[in-house]
Protein chains: 2
Amino acid sequence: MARLVMKFGGTSVATIERIRNVAQHVRREVEAGHQVAVVVSAMSGKTNELVAWCREAASLYDPREYDVVVASGEQVTSGLLAIVLQGMGIKARSWQGWQIPLTTDDAHGAARIAGLDGTGLEEGFARGEVAVVAGFQGIHAETKRVTTLGRGGSDTSAVALAAGIQADRCDIYTDVDGVYTTDPRIVPKARRLDRVAFEEMLEMASLGAKVLQVRSVELAMVHNVRTFVRSSFDDPANPQAGTLICNEEDIVEQQIVTGIAYSKDEAQITLRRVADRPGVAASIFVPLAEANINVDMIIQVVSDDSTTTDLTFTVPTADYERAVTILEGARGAIGFGQLQGATDLVKVSAIGIGMRSHAGVAAKAFKALAEKGINIRAITTSEIKFSVLIDAAYTELAVRTLHSLYGLDKA
Amino acid sequence: MARLVMKFGGTSVATIERIRNVAQHVRREVEAGHQVAVVVSAMSGKTNELVAWCREAASLYDPREYDVVVASGEQVTSGLLAIVLQGMGIKARSWQGWQIPLTTDDAHGAARIAGLDGTGLEEGFARGEVAVVAGFQGIHAETKRVTTLGRGGSDTSAVALAAGIQADRCDIYTDVDGVYTTDPRIVPKARRLDRVAFEEMLEMASLGAKVLQVRSVELAMVHNVRTFVRSSFDDPANPQAGTLICNEEDIVEQQIVTGIAYSKDEAQITLRRVADRPGVAASIFVPLAEANINVDMIIQVVSDDSTTTDLTFTVPTADYERAVTILEGARGAIGFGQLQGATDLVKVSAIGIGMRSHAGVAAKAFKALAEKGINIRAITTSEIKFSVLIDAAYTELAVRTLHSLYGLDKA
């Protein structure tokens, strides 16, 4: 007997028919003798409807009330799945965040999990009950007000729940059948990975892979929750393989590069001939941070006259115009010659724990991209990944080139 | 300064625009210096959608899970109204049943209120906050599970809340502007009543007037909550009169008859020549009760051969066929000669506390109806009302006749 957490997202519970399919997956695990907690999202589209109402109600809405409104979506699904399971003869009950309780801080709308009391759920398991948990929501312990974890929070709920009840595995059922070496829509030769290390998954999620929320991967890594990404559209009686996200040590044959990720809608800003004095970086990046503009790749090089420096960095395309306006406004305070910008760029990244112990992994890529005539605008590297910034028109070519280069193509 | 409970039903909160209108009503009372708790229903149509999902999920659904699902409707409205009020600069917060807490028994789907702890709400009033309470829902104290009070439960929530926080008045905002002497759609001369006694309102609600739920009137009577029925479609800046439901003693000029109610879709069953022996009534009515058929008017007369009896009673038209099948099946056990039935009947009732002290009130009606050629099929009376069963074709004529007879017509 194992203890499992099974998580189903909005598209998997979009209709009662699909909820019945979810229940079949649950039935399979119950019949295999496992203790099961199921975490559900709101029915697809419901959260958007609720958010739209909040926005219509007031342009600046109280996030505490927003949480009350949007948490209702998961509440509905949890009750409906419990009803469907019971109708199939499986003992089940729904649990809201406040009933467990799953406590969070009071950062309403994007709360962080503080703790989880598994007592009630354990009592349910002892009675042979499936626990159907409303994802995405919690309660602030002091104020007793409803909180939500932010978009994609149900993944995080599921992992936190798995950690809290010492589950043997956390199965994330989604609309894809696992984590791929890269996006199969642009690289038909992409392969599903059987296993991927927490650190790699974290980089992939941060760098554009949309399978899992970054926060849920962080949490899984910290609490060492074996997380299995699999398809909810499998035949419940004959489930297929997925991808296990686990400790590095549990991966027998480690590749040097595990996956290629890409992130669209990047914009680049270069400030030429910035005065090379202490504090100049702060004078540029503090105003951008205060405007909530997320600066990503930063490259500084000494400029040709060697008394000034050239500074290049990227921001999301959506924030490009605002960033330029802010920088032009601060031109006096910063002191720079020229502002050059480019939008419609893409960041392509290669991720792999094996990079730690292999030199020259990135260099090989630069050469391969150059041979294809792809101009690299910026490069950043870290211990287990490197990223290159290129023109968006070369996205597919670059991703395919790197995918082949590191031996990731399907046989 | 007074303390008010204001209750708004589903049509009054059907859209964000209408919720804004509700907020204007609240603003008026807040600006008048009152402490205000608002009770809201689900947006019109939402409860039906949620109930339909439960039914689709399983034909026999767990009422505890049903409650989780349907209570979400009021949760959404409470958050949205709080947001709108805050947007207008009025301090407000939402309260779910479990947060107050408003405790109930565990009769899920139709729970009865057990108690209400007003502490949290009082603290909110002290901070100058409007309390926006999700109607219809509560919590069972032992199991900590969500309960609902059954259809129309928001009226009951509002009255219970008013009792629990010792409100000076409970305003029920609805789509009509008060309680009328009869249905204005069939009697254009119907008048709005300024005041009506609890007992009268209870009879009116039981006998077909749809303004308020019977249970909310019972609760208002028991706890002596002055309940004011008024229109939510009034101009919030210029509210019109409504109807105050109050103690008999607070009504200065008591009419003999206060109102005429009618209830459609009645069916009549007559059993001829029933053996006149002890236990025969039980042999008829127990099987009907077991089939959940609600028997209303019952009249028993000795039949012409004086050794048997004729028994007449009414059931809802929707249950007529089932009732006849059950009775024919039990013909041997009961022992009766002939079963006669009629559908398409209506029960017309006159209600008035003044009847207690005035004789001949009903007799006057029988004469007036006879003069119009209306045949009375059955009569029942109680201390403050009498009802006659007639063919549905005569509904308007009978109601108008009685309305004029007792001096209720508008000048």
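Which side chain makes a polar contact with the side chain of A:Asp62? Select A:Asp62 and look across to chain B: the partner is B:Gln86, at 2.8 Å. Keep in mind throughout that this is a predicted model.

**Stop 1: A:Asp62 and its counterpart**

Stay on A:Asp62. The residue sits in the loop between α2 (46-57) and α3 (63-87) of chain A. Is A:Asp62 buried or exposed? Its relative accessible area is 8%, under the 20% cut-off, so A:Asp62 counts as buried. A:His108 is 46 residues away along the chain, and the two C-alpha atoms are separated by 8.9 Å.

Switch to B:Asp62. This residue lies in the loop between α2 (46-57) and α3 (63-87) of chain B. B:Asp62 is buried too, with a relative accessible area of 8%. Its side chain is joined to that of A:Gln86 by a polar contact of 2.8 Å. Show both pairs together: A:Asp62 with B:Gln86, and B:Asp62 with A:Gln86.

**Stop 2: the axis**

Superpose the chains. Chain A can be laid on chain B with an RMSD of 0.2 Å.

Which residue of chain A comes closest to the rotation axis? Select A:Ser72: its C-alpha lies 2.6 Å from the axis.

**Stop 3: the interface**

Colour the residues that touch the other chain. There are 39 in chain A, in contact with 39 in chain B. The two chains bury about 3100 Å² between them. Carbon and sulfur atoms account for 63% of that area. Pick out A:Trp53, A:Ile83 and A:Trp98 next. In chain A these three lose the most area to chain B, together 19% of what that side buries.

Why can the copies be said to meet through the same surface? Because 100% of the interface residues of chain A are also interface residues in chain B.

Turn to the charged pairs. Two salt bridges are counted between chain A and chain B. For one of them, select A:Glu49 and B:Lys46. The closest N and O atoms of this salt bridge are 3.7 Å apart. The count of residue pairs in polar contact between the chains is twelve.

Now show secondary structure on the chain A side. Which element gives the most? Select α3(A), which contributes 16 residues to that side. Colour the chain A side by residue class: 21 residues are nonpolar, nine are polar and nine are charged.

**Stop 4: cis peptide bonds**

Go to A:Ile100 and A:Pro101. The peptide bond from A:Ile100 to A:Pro101 is cis, with omega near -15°. A:Pro101 is in the loop between β3 and β4 (102-104) of chain A.

Jump to chain B. B:Ile100 and B:Pro101 are joined by a cis peptide bond as well, with omega about -15°. B:Pro101 is in the loop between β3 (92-95) and β4 (102-104) of chain B.

**Stop 5: positive phi**

Where is B:Asn224? Look in the loop between α7 (214-223) and β11 (227-231) of chain B. B:Asn224 is not a glycine, yet its phi is positive, about 55°. At 43% relative accessibility, B:Asn224 counts as partly exposed.

Move on to B:Asp265, in strand β13 (residues 259-275) of chain B. Phi of B:Asp265 is near 60°, positive in a residue other than glycine. B:Asp265 is exposed, with a relative accessible area of 52%.

**Stop 6: helix α6 of chain A**

Finish with residues 198-206 of chain A, helix α6. How many of its nine residues are buried? Seven are, so the helix is largely enclosed by the rest of the structure. Show the side chains of the buried residues: A:Phe198, A:Glu200, A:Met201, A:Leu202, A:Glu203, A:Met204 and A:Ala205. Two glutamates, A:Glu200 and A:Glu203, are among them.

Key. Residues numbered from 1 in each chain as written. Chains lettered and ligands numbered in written order. Predicted model: local features only at pLDDT ≥ 70, side-chain atom pairs only at ≥ 80, totals over all residues. Heavy atoms only, no water. Least-squares fit on C-alpha atoms with pLDDT ≥ 70 in both. Contact = heavy atoms within 4.5 Å. Helix = DSSP H or I, 4+ residues; strand = E, 2+ residues; numbered from the N terminus. Buried < 20%, exposed > 50% of the residue type's maximum accessible area, 1.4 Å probe, protein only. Polar contact = N/O pair within 3.5 Å; in protein donor to acceptor, adjacent residues only side chain to side chain. Buried area = accessible area lost by both parts, 1.4 Å probe. Salt bridge = Lys/Arg side-chain N within 4 Å of Asp/Glu carboxyl O. Nonpolar A, V, L, I, M, F, W, Y, C, P; charged D, E, K, R; others polar.
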